[in-house]
Amino acid sequence: MTTSNVSNVFNENIKIKRALISVTDKSNIDILAQKLVSFNIEILSTGGTAKFLKDKSIPVTDVDQKTNFPEILDGRVKTLHPKIHGGILNRRNNPTHVSEINKHEIEDIDLVIINLYKFKETLSKTSDSVKIIENIDIGGPAMIRAAAKNHEFVTVITDPKDYDVLIKQLDINGTTSYEFRKVLAGKAFKLTNEYDLAISNWFHKNESYSDELPEKITLELDKSLEMRYGENPHQKASFYKTSDSRIGVAKSIQLHGKELSYNNINDADAAFELICEFEKPAVAIIKHANPCGVAENDDIDKAWENALLTDPVSAFGGIVAINRNLTLNLANKLKSLFLEVIIAPSVDKSALEIFNEKPNVRILASNSIPAPNENGLTIKSIAGGMLVQTRDNHILDKNNLKFVTEKKPTEDEIKNLLFAWKVAKHTKSNAIIYAKNLQTVGIGAGQMSRIDSTKIAIEKAKQSALIANLDYSMIHKSVVASDAFFPFADGLIAAADAGVTAIIQPGGSIRDKEVIDAANERNIAMVFTSIRHFRH
């Protein structure tokens, strides 16, 4: 075929004489079909759609009457036929195509109205592989792609929301414009791309990323929330959900409060991921993606009080995550402080009503708490690319600890060391966490040097003690966790001078001996984890 026998029709309106309809979502399809009949458009259809339209007294021609071939294989094959795809794909202005169409008695199909088997919905309802596979549409995507490719001549509708626009187009001499067809073709290819991606993700969902990352990663992002602005008012922002099934902020239901902001979601995610580390009732207060107070206690109300005690000044305007049901009693305590977001697995109705007089507080229910050791990927954007890594899902227990000092930690100190280590894992580097009685008493985060984080944590603890009218340093007889090794002994010495009794850190510095000697000189127990938790 040469370009001389194909004319440019890109600006032409195309008359619609024949439509093929095969839809899973049948909302308003009868109304549209009746309108098509009023334009003297012949309707071809298949299976359930044909029956549905006939039951509405709409004249329909079954596809197998055109193909002279029945549906086979339990409906797996019904439209995969030359008389269907030839009718969709032929170029009406190409003499060779026209000759072949006439020779094989194929009729043009000018309008294709298709939506696909509900694959994603099936995934949410069952784990039965047979049912899932049967909801992988084959004929639908094939017809959609064919119609979209040949949009010069064929109109493809994949979204019921476009039915009204189609009718408005047809009201003008029963035709559609090229511009309209091109927009619909773009939507069609986007749909099939997303559909295939969902299927691909299902096949690879159990793929382990522990040893090797895939050569290519394709993300499916669905806009979930349009925001007033981003991190700052001059930035535009929206929240997009991925196909990741992990329970978290993205999967939560907002029960109360005004619209979530960019910073709300970022901070709530940090709070929720931290709170998942604890088995006992626990509370985490987050500010600017860093914890400013965390506590674990048999009593969730007491956990809140202890978490708040760490840094009540920074807690103002913070994000609170709890790993237990939000009760009326706890809600009364939380209500006394200005908070941006509260997230919990569930919320009592009476607790929700407490916040009626505080309409701006966003309250989210996550339904459950995921395990902290789940596999997955974390992705961070940079200019021109993405940084991808496996989730930091390492879980430390006392059997993994390496005792490196003359003094060994007591059982109580080990519990507090492991608690502080969990908090350090979710604190921006350089992270220094002081803790005792399963609550943080001083937090230093995000500093350029580890000694700076140490000093800030000590100073914050002093300020909190003053606010609480305590006549002693909250750090006295506490333990300290460092997310990475002490490069020098100065950080340990500062912690020792503040009154700590035990230290947990990764180890691995060329000056480990110097740091161990400093701990021994001060009769401090120290353990190495042999793993670090940088968080940038």
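**Figure 1. Helices that line the second largest pocket of the predicted model.** Helix H6 (119-125) and helix H10 each supply at least two residues of the lining of the second largest pocket, and this close-up is taken from a predicted model. The largest share of that lining, six residues, comes from H10. In total 20 residues line the pocket, and those that lie nearest its centre are Asn115, Glu121, Thr158, Leu191 and Glu194. Sorted by class, the lining holds 10 charged, seven nonpolar and three polar residues, while the volume of the second largest pocket is about 640 Å³.

**Figure 2. The largest nonpolar core and the surroundings of Leu36.** The largest nonpolar core is made up of 50 residues, and within it the most contacts belong to Ile21, Leu36, Ile88 and Ile113. Helix H10, spanning residues 178-203, gives the most to this core, with eight residues. A second, separate core has 44 residues, among them Ile265, Ala268, Phe278 and Ala525. When neighbours within four places in sequence are left aside, Leu36 is in contact with Ala19, Ile21, Ile41, Ile43, Leu111, Ile113 and Leu170. As general background, nonpolar side chains in soluble globular proteins tend to be buried together.

Figure 3. The structure holds zero disulfides. For Cys276, the closest cysteine sulfur is that of Cys292, and because the two sulfur atoms are 18 Å apart, they are too far from each other for a bond; a disulfide would require them to be within 2.5 Å. Seen from Cys292, the closest cysteine sulfur is likewise that of Cys276, at 18 Å. Cys276 is buried, with a relative accessible area of 3%, and Cys292 also counts as buried, at 6% relative accessibility.

**Figure 4. Asn306 in helix H12.** Asn306 has its place in helix H12, which covers residues 300-310. With a relative accessibility of 7%, Asn306 counts as buried, since the cut-off for that class is under 20% relative accessible area. Leaving aside neighbours within four places in sequence, the residues in contact with Asn306 are Ala295, Asn297 and Gln439.

Figure 5. Leu328 belongs to helix H14, residues 328-335, and is partly exposed, with a relative accessible area of 34%. Not counting residues up to four places away in sequence, Leu328 touches Asp348, Ser350, Ala351 and Ile354. Leu328 and Leu352 are separated by 24 residues in sequence, whereas their C-alpha atoms are 7.9 Å apart in space.

Figure 6. Ser429 and Asn430 are joined by a cis peptide bond, for which omega is about -5°; Asn430 lies in the loop between helix H16 (411-425) and strand E19 (432-436). Although Glu105 is not a glycine, its phi is positive, at about 55°. Glu105 is placed in the loop between helix H5 (95-103) and strand E5 (111-114), where it is exposed, with a relative accessible area of 63%. Asn523, which is not a glycine either, has a positive phi of about 55°, and this residue is found in the loop between helix H19 (512-521) and strand E23 (525-528). For context, most residues other than glycine have a negative phi, and most peptide bonds are trans.

Technical notes: Residues are numbered from 1 along each chain as its sequence is written. This is a predicted model: local features need pLDDT of at least 70, side-chain atom pairs count only at pLDDT 80 or more; totals for chains, interfaces and linings use all residues. Side-chain values use heavy atoms; hydrogens and water are left out. Buried means under 20% relative accessible area, exposed over 50%, partly exposed in between (1.4 Å probe, protein chains only). A nonpolar core is a set of buried Ala, Val, Leu, Ile, Met, Phe, Trp, Tyr and Cys residues joined through side-chain atoms within 4.5 Å. Helices (H or I, at least four residues) and strands (E, at least two) are DSSP runs, numbered from the N terminus. Contact means heavy atoms within 4.5 Å. On a 1 Å grid over the protein atoms alone, a cavity is a set of points where a 1.4 Å probe fits but cannot get out, and a pocket is an open set with protein on both sides within 12 Å along at least five of seven lines; lining residues have an atom within 4 Å of a point. Grid points are joined across faces, edges and corners, and a volume is the space filled by probe spheres set on the points. Ala, Val, Leu, Ile, Met, Phe, Trp, Tyr, Cys and Pro count as nonpolar, Asp, Glu, Lys and Arg as charged, and the others, Gly among them, as polar.
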